[in-house]
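Reader: I would like to go through this structure feature by feature. Please give the general idea each time, then the case at hand.

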Amino acid sequence: MAAPIAEVRMRWLTELQFEGAGPGQPPIVVDGDTKVATSPVQLLLLAAATCTASDIVVILQKQRIELEALDIALRGTRRETEPRRITAMAFHVSVRGAGADEVKVRRAIDLSIQKYCSVIASLAPDIPITYDVAIA
């Protein structure tokens, strides 16, 4: 059996602006200078936040939490010198829903970050990841 594959295509538009997408998906614009669109590093953070959010939704739904809102703000600290890679990530997770409490939400976040999120698992293992939680 062949290994699962993730695939995208991109093309150069102008300056440091590109567009790309997965097969059959609408394109998104990416800007290496962050002048007109999200940068590649911001997309990486967005991918990590979305991956974690997806896990949190599934885990909380399995715990019979009636989720009404989930918002994640993610800040990545970058090296000053090249390559300016992410050296730390800090999530701020806000949850609203019947039955949501800090213990359940923290457990869902921990499971995502430590076990389920494929994006985070694909990053360098020396990146410290922290989070805080707000329950409404």
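Reader: In which strand is Q17 found?

Author: This is a predicted model, in which local features need pLDDT of at least 70, side-chain atom pairs count only at pLDDT 80 or more, and totals for chains, interfaces and linings use all residues. Residues are numbered from 1 along each chain as its sequence is written, and side-chain values use heavy atoms, with hydrogens and water left out. Helices (H or I, at least four residues) and strands (E, at least two) are DSSP runs, numbered from the N terminus. Q17 is in strand 2, residues 17-21.

Reader: Is Q17 buried or exposed?

Author: Buried means under 20% relative accessible area, exposed over 50%, and partly exposed in between, with a 1.4 Å probe and protein chains only. Q17 counts as buried because its relative accessibility is 14%.

Reader: Which residues does Q17 touch, not counting those up to four places away in sequence?

Author: Contact means heavy atoms within 4.5 Å. On that basis Q17 touches W12, V30, D31 and V36.

Reader: What span should helix 2 have?

Author: The expected span of a helix is 1.5 Å times one less than its number of residues. Helix 2 (residues 102-116) has 15 residues and should span 21 Å; its end C-alpha atoms lie 20 Å apart, which agrees.

Reader: Which residues of helix 2 are buried, and what covers them?

Author: V105, A108, I109, L111, S112 and I113 are buried. Their cover includes helix 1 (40-62), strand 5 (86-98), helix 3 (118-121) and strand 6 (129-135).
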